[in-house]
Amino acid sequence: PRAFLENADRLLAPGGWHIIVCPRYDAPGYLCPSLRDRSFFQRALLKAFLAASRLAARVDRRPRFWVNSKPSVLGGPWYRDADAVHLVSRYDAVRWHRQRGYRIRTIESPRLGGWRNFLVRNFLTLSLAFQKPKL
């Protein structure tokens with residue numbers, strides 16, 4: 001993720017925008033579906049590790065980008081999000097861009113009814129636009 005963002009930054013003209021819309025995997029205690037094939041103990045350790053990492057990122061203000069190098073889809077049948085490799089955190093994306101002076105805007109998604117849509121829109125989806133600083 002860091003290399004991708006650095007390349008996007010290099011290619012983007014001053015004042016230009018790039019948009020990230022993707023699943024967000026930083027809700028406390030939530031593991032992305034690409035980690036479902038791990039044992040109960042491994043999933044518990046991963047949850048604790050990711051929670052500690054997110055806390056450390058907030059304390060030292062350094063974004064952490066985590067990649068799942070062995071998603072579940074490689075070891076079994078396909079199912080939704082089993083191929084996710086980047087464990088995207090809103091905080092990491094925002095912090096990386098703020099450190100470089102980007103202007104950040106939240107992209108509003110449709111306000112559909114129901115608690116499930118509320119959770120998806122507010123906690124499980126990253127929808128942000130970033131404007132590179134003008135010279």
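Mentor: Buried means under 20% relative accessible area, exposed over 50%, and partly exposed in between, with a 1.4 Å probe and protein chains only. By that scale Tyr-30, at 32% relative accessibility, is partly exposed. This is a predicted model, in which local features need pLDDT of at least 70 and side-chain atom pairs count only at pLDDT 80 or more, while totals for chains, interfaces and linings use all residues. Residues are numbered from 1 along each chain as its sequence is written, and side-chain values use heavy atoms, with hydrogens and water left out.

Trainee: Which residues make the largest nonpolar core, and how many are there?

Mentor: In soluble globular proteins, nonpolar side chains tend to be buried together. A nonpolar core is a set of buried Ala, Val, Leu, Ile, Met, Phe, Trp, Tyr and Cys residues joined through side-chain atoms within 4.5 Å. Here the largest has 14 residues, including Leu-5, Ile-20, Cys-22 and Phe-130. At least two residues of this core come from each of S1, helix H3 (90-98) and strand S5 (125-131); helices (H or I, at least four residues) and strands (E, at least two) are DSSP runs, numbered from the N terminus. Another core, of seven residues, lies apart from it, with Leu-35 and Leu-50 among them.

Trainee: How many disulfides does the search of the whole structure find?

Mentor: A disulfide is a covalent bond between the sulfur atoms of two cysteines. The cut-off is a pair of cysteine sulfur atoms within 2.5 Å. The search finds zero. The sulfur of Cys-22 is 11 Å from the closest cysteine sulfur, in Cys-32, which is too far for a bond. Cys-22 counts as buried at 18% relative accessibility, and Cys-32 counts as buried at 3%.

Trainee: What is the phi of Arg-61?

Mentor: Most residues other than glycine have a negative phi. Arg-61 has a positive phi of about 60° although it is not a glycine. Its place is in the loop between H2 and strand S2 (66-67).
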